[in-house]
Amino acid sequence: MRFLRGRRRESSDLNDMRALDAPSEVILGELFGTDRLARHGRHLARQQKIVDAPRSLRPRGRGPLLSRLTATEGVLHSAQSMLSRAAAAGVAISPAGEWLLDNFYVVIEQVREVRATLPSGYYHELPKLEGPGPLAGYPRVYELAVELIAHTDGRLDPALLELMVREYQRIAPLTMGELWAMPAMLRMGYLENVRHMSLRAVAD
């Protein structure tokens, strides 16, 4: 009965974690070479539509992306706690779960770094995407970061980052604030994938 009670508790914890997780997909797409990545950067700049709201009407608070960061932090802490308990009980942990346990504090430090470099006032100055779409209301530069991650298999290559940003700006120049925000947006994209990996590791 002790085992069954533990299983019910773990199942409840997993359901609580999933409740924190809004429906979305792992950031993954077809691997692009440099020519196709350049074309994709230009295509993205052409298709994006930006919300045009007077400064006085711009929303305040955290916004959807910073709210997502808070939820991601909660998922990561819950996953780390559950995986630690499972490991202490002698349950076999998947390689992804072991990676999270080994690198948890490095990952959480990225959450803190995003908060430090992307305060709410700065965040609200970034141009946002119009709807409809899963990233409506998110900064357009976040979509640029996500598309780079998706089509480079999550590999952080400064040359590819420079290529995609340069080609994007041939069509739609980014603001200085957006360029400064790119490191935070990349961190957010990678944290999104770690979030999904954590949920899979706990389910396993």
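Two residues are in contact here when heavy atoms of theirs lie within 4.5 Å, and, leaving aside neighbours within four places in sequence, Leu100 is in contact with Leu76, Ala79, Gln80, Leu83, Val194, Met197 and Ser198. This is a predicted model, in which local features need a pLDDT of at least 70 and side-chain atom pairs count only at pLDDT 80 or more, while totals for chains, interfaces and linings use all residues. Residues are numbered from 1 along each chain as its sequence is written, and side-chain values use heavy atoms, with hydrogens and water left out.

**Overall fold**

- The protein chain has eight helices and zero strands, where helices (H or I, at least four residues) and strands (E, at least two) are DSSP runs numbered from the N terminus.
- Among contacts in the protein chain with a separation of 6 or more, 81% join residues 24 or more positions apart.
- Of the 204 residues of the protein chain, 42% count as buried, a class that means under 20% relative accessible area, with exposed meaning over 50% and partly exposed in between (1.4 Å probe, protein chains only).
- The protein chain exposes about 11400 Å², of which carbon and sulfur atoms supply 56%; these areas come from the Shrake-Rupley method with a 1.4 Å probe, and for residues only the protein chains shown count as cover.

**Confidence**

- The mean pLDDT, the predictor's confidence in each residue from 0 to 100, is 86 for the protein chain, and 83% of its residues reach 70 or more.
- Helix H1 (residues 2-20) has the lowest confidence, at a mean of 43, whereas helix H7 (residues 158-171) has the highest, at 97.
- Over residues 1-12 the pLDDT stays under 50, and the model has three contacts beyond four places in sequence for them; over residues 19-24 the pLDDT is also below 50, with 13 contacts in the model beyond near neighbours in sequence.
- Where pLDDT is low, the predicted coordinates should not be read in detail.

**Salt bridges**

- A search of the whole structure finds nine salt bridges, each being a side-chain nitrogen of Lys or Arg within 4 Å of a carboxyl oxygen of Asp or Glu.
- The side chains of Arg68 and Glu192 meet in a salt bridge at 2.3 Å, N to O; Arg68 lies in helix H3 and Glu192 in helix H8, so the pair ties together parts that are 124 residues apart in sequence. Both Arg68 and Glu192 are buried.
- Glu109 forms a salt bridge with Arg112, with the closest N and O atoms 3.3 Å apart, and both lie in helix H4, three residues apart, about one turn of the helix. Glu109 counts as partly exposed at 36% relative accessibility, as does Arg112 at 46%.
- Arg166 forms a salt bridge with Glu167, the closest N and O atoms being 3.6 Å apart; Arg166 is partly exposed at 39% relative accessibility, whereas Glu167 is buried, with a relative accessible area of 6%. Through salt bridges that share partners, Arg42, Arg166, Glu167 and Arg170 are joined into one network.
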